[in-house]
Amino acid sequence: MAVQKKVDVVVVGIGWVGGIIAAELTKAGLEVLGLERGHLRGRNTGDWMENKFDELRYAIRGELFQNTANETWTLRHNLSETALPMRQLGSFLPGTGLGGAGVHWNGQTWRFHPRDFTMRTSTVDRYGSAFIPKEMSIQDWGITYDQLEPYYDKFEYMAGIAGKAGNLNGQKIPGGNVFEGPRSREFPVKPPPDTPTAALFRKAATDLGYHPFPGPTANLPAVEYKNPDGITRGQCNYCGFCERFGCEVGAKADPTVTVIPVALKTGRFKMRGYSHVFAIRNDGKNGQSVLYYDAAGIVQEQPADVIVLAAYVFNNVRTLLLSKLGKPYDPVAGTGSVGKNYCYQTGGGGASGWFKSKKFKRYMGAGALAIGIDDFNADNFDHAALGFIGGGSVTSGQSGARPISSLSVPPGTPAFGRDWKVAVRDYYDSVMGIGFQGESPAYTTHFLDLDPNYRDSFGNPLIRIAFDWEPNERKMIAYAGTKTLELMKAINPDIIAGGPGSLPAHYDSSVYQSTHNTGGAIMGADPATSVVNNYLQMWDAPNVFVVGACNFPQNAGFNPTGTVGALAYRAAEGILKYRKTGKALV
Amino acid sequence: MSEFEQETEAVTGGEGEEPSPPAGDLEHYTGQWVAVRDGVVVASDPDEATLRADPAVRDSDDVYPIGEPPSGFYFLEGTV
């Protein structure tokens with residue numbers, strides 16, 4: 001094992017979190033090293049020009065995703081099951097390589113609601129403590145929306161997010177999301193105009209008394225925008241190849257076209273690819289170095305004053321567990337926090353409509369080109385008579401219609417043969433959907449630990465996931481389906497599919513649902529019930545910061561990246577403060 | 001009768017009788033609405049209204065549908 005030269009800060013994983021922290025710290029004069037387990041490709045958008053529109057290569061075979069042949073996860077639905085490994089990618093698609101999942105995301109950039117950060121307190125205040133199922137372990141974040149707002153703002157202006165404010169400093173603005181928390185200023189970029197399907201959705205939602213607004217997007221519309229770092233990007237050409245693909249014109253904000261160039265320009269940011277971090281060497285009070293396998297599989301040691309775990313949820317938690325840093329969560333004893341409150345995203349409850357005489361140019365689109373309503377998200381509606389907690393965002397998007405996986409046909413159409421071909425011809429460009437993306441509350445039995453049976457290609461235990469659908473979410477999805485169906489009926493297509501939504505008997509890891517995995521290194525105000533404080537600094541090791549969606553105590557009814565970005569800016573500020581004091585910040 | 005057949009007989013309760021699913025086994029109810037009390041399915045029916053009208057179902061029971069397993073491709077956001 002070779003010991004490398006000590007650096008000020010080592011960042012594990014160079015995606016949105018690693019890139020933001022590297023940019024902020026190098027601008028402040030620190031020497032930062034980024035260790036990335038994957039490639040360093042994608043440092044300019046030209047890397048995505050060649051074969052960019054190869055759906056089979058990127059979307060189906062998943063060139064930008066984690067390789068499950070080397071490292072995967074095991075799943076059990078309850079504590080009495082033996083977990084089995086996911087041998088192929090399925091329900092979620094973590095990225096690998098420079099930029100991480102930030103390269104192949106869609107670009108939907110939301111802020112969580114003020115209530116989301118105080119979910120337990122707010123629920124008890126409105127409905128009483130008995131309203132919360134006893135197995136549900138939701139908790140407050142240890143930070144409020146108002147405290148996080150400046151960091152949301154920073155992320156949105158860095159990434160050039162397009163949208164329409166619905167709440168400016170407490171004043172509700174029609175046309176924006178009137179349910180959102182107060183913004184200190186308007187979005188940096190105006191939203192794109194409605195697509196034809198968005199116009200249909202807007203009219204139906206308005207007629208029903210709901211509050212439609214354009215979805216906040218990181219797909220830069222047809223305007224020029226220079227961010228506070230002086231970065232400009234290309235304009236979206238609505239090619240429809242966002243999710244699962246890199247953007248060849250840089251219109252989709254990703255770390256490689258925003259924060260990483262800023263960090264590199266300082267001359268104080270270095271990157272090492274194919275460097276697979278597996279542990280933090282520590283004395284139980286502080287981290288001294290990270291241990292990683294280099295491209296040849298040889299263990300290297302990288303000392304640093306500050307260690308930042310900035311990788312995907314599972315990798316951050318696994319590194320803590322392998323390092324024996326922090327106390328592992330024990331669901332039986334109810335002790336420990338590392339691995340606790342693993343959550344996901346509750347999908348389902350959507351509606352679809354097919355039209356015989358409308359064409360939508362669905363081959364054009366962008367990952368976050370959408371319209372939505374927030375009337376049924378969070379606690380924006382009265383749950384007292386509904387018997388469940390939480391809600392979700394209702395959106396209708398036009399993200400492109402690619403040739404392999406975007407062939408939606410009406411119910412009852414045969415799955416192959418002449419009739420299927422006729423239906424594809426007739427409806428490829430004449431279908432629209434309304435989706436529901438629901439909250440995922442935390443439960444005492446949903447958590448992450450190290451699998452006792454299965455190991456990765458280096459011989460280290462895999463992360464073991466314990467997760468299943470619970471009655472609260474089943475009731476939520478059933479309710480959501482009635483609302484999306486109501487909207488679709490108001491739009492009045494020729495054929496409709498929808499109705500009360502349902503979840504299968506068990507969570508199925510084999511089919512794609514969402515890459516919004518959260519929790520396991522949650523933030524909070526109490527060291528006994530959380531892993532990090534509200535600067536994302538470990539309670540048990542002040543020079544170790546763990547940052548990302550792993551910090552969410554439970555998951556909200558929105559895409560997580562906006563909140564992940566805000567937390568990264570918060571952590572960067574915390575690291576600079578820690579460098580001055582050398583102490584715990586909270 | 002083979003050992004396997006004996007075991008099957010014991011589980012199904014014999015020809016002509018509806019098998020009794022184990023408590024909490026929701027897979028048996030795929031495509032139906034269920035009423036659940038204390039983690040146990042107390043009644044089921046393909047129709048929500050019929051289930052709620054069932055005298056065995058109390059207002060305090062959790063009532064929800066059990067869906068089909070998700071299909072292979074995620075065609076379009078919102079497609080059911």
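Axes here are lines fitted to C-alpha atoms, for helices over the stretch in contact, and angles run from 0 to 180 degrees between N-to-C directions. Helices (H or I, at least four residues) and strands (E, at least two) are DSSP runs, numbered from the N terminus. The model is predicted: local features need pLDDT of at least 70, side-chain atom pairs count only at pLDDT 80 or more, and totals for chains, interfaces and linings use all residues. Residues are numbered from 1 along each chain as its sequence is written, with chains lettered from A and ligands numbered from 1 in the order in which they are written.

**First stop.** Select helix H4 (residues 145-159) and helix H10 (residues 561-581) of chain A. Their axes lie 8 Å apart, at an angle of about 110 degrees. H4(A) is therefore roughly perpendicular to H10(A) (65 to 115 degrees). Now show the contact (C-beta atoms, placed from the backbone, within 7 Å). H4(A) supplies Leu148(A), Tyr151(A), Tyr152(A), Lys154(A) and Phe155(A). From H10(A) come Gly562(A), Gly565(A), Ala566(A), Tyr569(A) and Arg570(A).

**Next stop.** Select helix H5 (residues 196-207) and helix H9 (residues 471-491) of chain A. Their axes come within 9 Å and cross at roughly 110 degrees. H5(A) and H9(A) are therefore roughly perpendicular too. Residues in this contact include Leu200(A) and Phe201(A) of H5(A), and Leu487(A) and Ile491(A) of H9(A).

**Last stop.** Select the open sheet of four strands in chain A, ordered E5-E4-E19-E18. Its pairing (at least two DSSP bridges between two strands) is mixed. Strands E5 (84-85) and E18 (447-455) of chain A are the edges. E18(A) runs antiparallel to E19 (residues 461-466) of chain A, joined by five bridges. Zoom in on Arg455(A): its bridge partner in E19(A) is Pro461(A).

How values were computed
Angles under 35 degrees count as roughly parallel, over 145 as roughly antiparallel, 65 to 115 as roughly perpendicular and the rest as oblique. Two residues are in contact if their C-beta atoms, placed from the backbone, lie within 7 Å.
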